[in-house]
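Here's a quick briefing to read alongside the model.

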Amino acid sequence: MSDVEVISAENKNINTKYKLTTTGATILGISGAIAVGFYAVVTPFLSPALRKVCLPFVPATTTQVQNVMRALKGSGGGTLLDIGSGDGRIVLEAAKHGFKATGVELNIWLVLYSKFRSWRLGLNQRAGFVRQDLWKTDLSEFDNIVIFGVEQMMMPLKDKLNKEMHSSMSVVACRFPFPDWEPYQTIGTGIDTVWLYRKSSSPSIKEHNTEDLEMER
Ligand SMILES: C[S@@+](CC[C@H](N)C(=O)[O-])C[C@H]1O[C@@H](n2cnc3c(N)ncnc32)[C@H](O)[C@@H]1O
């Protein structure tokens, strides 16, 4: 047998040995699809953790949502923006209370889920959700801003609000207050605390009316 014949015979053996059966190809295809699907679902949840400001999805507690609504009671209604709206619970509750509420959220799955819940609750006219970066959102268009953020973002967010906050705007911070800003009102305790800020309570104007309210347990 010539060298060429030997190599060709060996290749034939290899081809026979490693030829994919239909079942093998199907299993490989399904595994690939599962891997791609898993990646597509999980990545939007992990990516906020990889950004400069790590802001993961942690939903507000029921008490926290109630405290936000209490804080906004005297705000006069109007438009509301929840920056980093998660599963949409604050936006939907605000819409139930008569606000024209919007949520901006990076995670596409949370945006789709929020839209679905809004449709199920019949709140489509009053609640909207947009996949958008909060840092690229113009806050000045809204009457009320709600943020449930993380401590490290409160300073840069304060700088952004210093440029975009107008005199009739109410800002509600959940769990972490803005550094150096006097709250107009503090509601609740512990992890459910929310702070209400108005332009009149900002230190530059040096007027404030701090009223601490204890949430009934
Ligand atoms: C702590 S959760 C708050 C969720 C909701 N506001 C609540 O109170 O239940 C923060 C949310 O912000 C989102 N997020 C993180 N970085 C963001 C960004 N740059 N722009 C918009 N949303 C962002 C996260 O995906 C997460 O859902």
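Let's start with a backbone detail: just after α4, Gly-98 takes a positive phi of about 95°. Keep in mind that this is a predicted model.

**Helix α4 and its cover**
- α4 is mostly covered, with seven of its eight residues buried.
- The buried ones are Arg-89, Ile-90, Val-91, Leu-92, Glu-93, Ala-94 and Ala-95, so two of the charged class, Arg-89 and Glu-93, are in that set.
- What sits over them? The cover on the buried residues of α4 includes two helices, α3 and α5 (108–120), along with the strands β1 (79–83), β2, β3 (127–131) and β4 (144–148).

**How α3 packs on α4**
- A pair of packed helices is described by the angle between the axes and the distance between them.
- For α3 (residues 62–71) and α4, the axes come within 10 Å and cross at roughly 45°.
- Because of that angle, α3 counts as oblique to α4.
- As for handedness, α3 passes α4 in a right-handed crossing.
- On the α3 side the contact uses Val-65, Val-68 and Met-69, and these meet Arg-89, Ile-90 and Glu-93 of α4.
- Sorted by class, that contact has four nonpolar, no polar and two charged residues.

**Around the ligand**
- How many residues surround the ligand? There are 21 of them, and the closest are Leu-55, Ala-60, Gly-84, Gly-86 and Leu-134.
- Two elements give two or more residues to this shell: α4 (89–96) and β2 (100–105).
- By class, the shell splits into 13 nonpolar, four polar and four charged residues.

**The chain as a whole**
- The protein chain has six helices and eight strands.
- Reading from the N terminus, the order is α-α-α-β-α-β-α-β-β-α-β-β-β-β.
- Buried residues make up 33% of the 217 residues in the chain.
- Take the contacts with a separation of 6 or more: 63% of them join residues 24 or more positions apart.

**Glu-164 in α6**
- Glu-164 is found in helix α6, which covers residues 151–164.
- Is Glu-164 buried, exposed or partly exposed? It has 15 C-beta neighbours inside 10 Å, so it counts as partly exposed.
- Leaving aside residues up to four places away in sequence, Glu-164 touches Asp-138, Leu-139 and Ser-140.
- Phe-142 is 22 residues from Glu-164 along the chain, and their C-alpha atoms are separated by 9.8 Å.

- Most residues other than glycine have a negative phi.
- Arg-175 has a phi near 70°, a positive value in a residue other than glycine.
- You'll find Arg-175 in the loop between β5 (170–174) and β6 (185–187).
- Asp-180 also isn't a glycine, and it has a positive phi of about 70°.
- Asp-180 is placed in the loop between β5 and β6 as well.
- Asp-180 has 10 other C-beta atoms within 10 Å, so it is exposed.

Note on methods. Residues numbered from 1 in each chain as written. Predicted model: local features only at pLDDT ≥ 70, side-chain atom pairs only at ≥ 80, totals over all residues. Near = placed C-beta within 6 Å. Helix = DSSP H or I, 4+ residues; strand = E, 2+ residues; numbered from the N terminus. Buried ≥ 20, exposed ≤ 12 C-beta atoms within 10 Å, placed from the backbone. Contact = placed C-beta atoms within 7 Å. Axes fitted to C-alpha atoms, helices over the stretch in contact; angles between N-to-C directions. Parallel < 35°, antiparallel > 145°, perpendicular 65-115°, else oblique. Left-handed = near helix turned anticlockwise from the far one by under 90°.
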